[in-house]
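Here is a walk through some local features of this fold, one region at a time. Keep the sequence and the model open side by side as you read.

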Amino acid sequence: VKLQIRWLDFESSKGQYTPSLEWLDQAINDTHARGFNILLTVVGAPEWARAPGSNPAVTAPPANPQDYADFLAFLANRYYGKVQAFEIWNEQNLAREWGGRGRMNVGEYMALIRAAYSTVRTMNPGVAIVSGGLTPTGTDDGYHAIADRRYLEAMYAAGLKDVTNGIGAHASGYNMPPFADWRNPPQDQCLAFKHTCTNPHPSWVFQQTLLDYHDIMVKYGDTRKQIWVTEFGWASCEGGFKAQEGYKYCEDNTQWEQSQWLREAYTGVKERGWTWVGVMFTWNLNFAELEGPDSEKSAFSILDLNGQPRPAFEALKGMPKW
């Protein structure tokens, strides 16, 4: 199970923690009691830890990476034996996730993961540190976004191999089957969302994202590590969901396709012998029930608006255990 939390909700000032910790305690303890391993993703520096003048409307990193590392160490100690891995941030190649437009900075991110790795692993060598899952994006202007492949290569050039136990990835599916050829996309899938057919690009397809990441890992001699797919899935608007601008691909995907493509992604990785792919987290369980039909996140849910199983839930439930 992956849980994503905002640091700003839990540490009101250095070493002072909020009542929200009681909620997190309950969530961690309940999940652990049910026999799940837990990946905890931590984002969002609180105001006291951010650089002066940073935009309060967007997620931003801390001015001092050690403050973030200290918070992770606190969590690693509090949930010793219950949290097996930490994901260091989320989609840091997007402006809205890293301080705003023009603020993305690979060097700053590397300072953050380096501090987290050193601090947490010194305290508990059994906890895995996973780099923040990058998001595929056709935009590579350095202002709104940096292309995930270019960002990943820059991280490796800055020493990523030595400060992580797994490489985070968000292998998006859009309206393409998981193992489609991005150069020859199935035209009948591009009805509401045409870009995957009119502007073929490797980032549109689950398979190609993983292959490209693996090529970069091999290039930098990182052949013993695995890609952790910390977010992936397919959205379907069937079942009362509304397509948001920019997310029209959910209109092209039936609930049956959502269910089959999720299942095919898991079985396909296994059948192809891609041992360099590790844990894969379906995005998501129940945003539909929590945020309603108008959220773009909701159409990805495998539970419906009433919290009942969609076909995707049943398809995953019926999969064999490896």
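## Around L316

Leaving aside neighbours within four places in sequence, L316 is in contact (heavy atoms within 4.5 Å) with L262, R263, Y266, T282 and I302. L316 itself is found in helix α9; helices here are DSSP runs of H or I with at least four residues, strands are E runs of at least two, and both are numbered from the N terminus. Compare L316 with Q260: they are 56 residues apart in sequence, yet 9.0 Å apart in space, C-alpha to C-alpha.

A word on the ground rules. This is a predicted model, where local features need pLDDT of at least 70 and side-chain atom pairs count only at pLDDT 80 or more, while totals for chains, interfaces and linings use all residues. Residues are numbered from 1 along each chain as its sequence is written, and side-chain values use heavy atoms, with hydrogens and water left out.

Helix α7 covers residues 255-271. Its 17 residues reach 24 Å from first C-alpha to last, close to the expected 24 Å (1.5 Å times one less than the number of residues). Which of its residues are buried? They are Q255, E257, Q258, S259, W261, L262, A265, Y266, T267, G268 and V269, where buried means under 20% relative accessible area, exposed over 50% and partly exposed in between, using a 1.4 Å probe and protein chains only. These residues pack against α6 (206-219), β8 (226-232), β9 (277-282) and α9 (311-317). After α7 comes G273, with a positive phi near 70°.

Helix α6 has 14 residues and spans 21 Å between its first and last C-alpha, close to the 20 Å expected. Buried here are F206, Q207, Q208, T209, L210, D212, Y213, I216 and M217. Their cover includes α4 (148-157), β7 (166-170), β8, α7 and β9. Just after α6, G221 takes a positive phi of about 75°.

## α2 against α3

Two packed helices are described by the angle between their axes and the distance between the axes. For α2 (residues 65-78) and α3 (residues 106-123), the angle is about 30° and the axes are 8 Å apart. Axes are lines fitted to C-alpha atoms, for helices over the stretch in contact, and angles run from 0 to 180 degrees between N-to-C directions.

On the α2 side, the residues that meet α3 include P65, Y68, A69, L72 and A76. Their α3 partners include A111, L112, A115, V120 and M123.

## Strand β1

Five bridges join β1 to the parallel strand β4 (residues 39-43), and two strands pair if DSSP finds at least two bridges between them. K2 stands opposite L39 in β4.

Buried or exposed? W89 is buried, at 0% relative accessible area, and E91 counts as buried at 9%.

There is also a cis peptide bond, joining W283 and N284, with omega about 0°. N284 lies in the loop between β9 and α8 (287-291).
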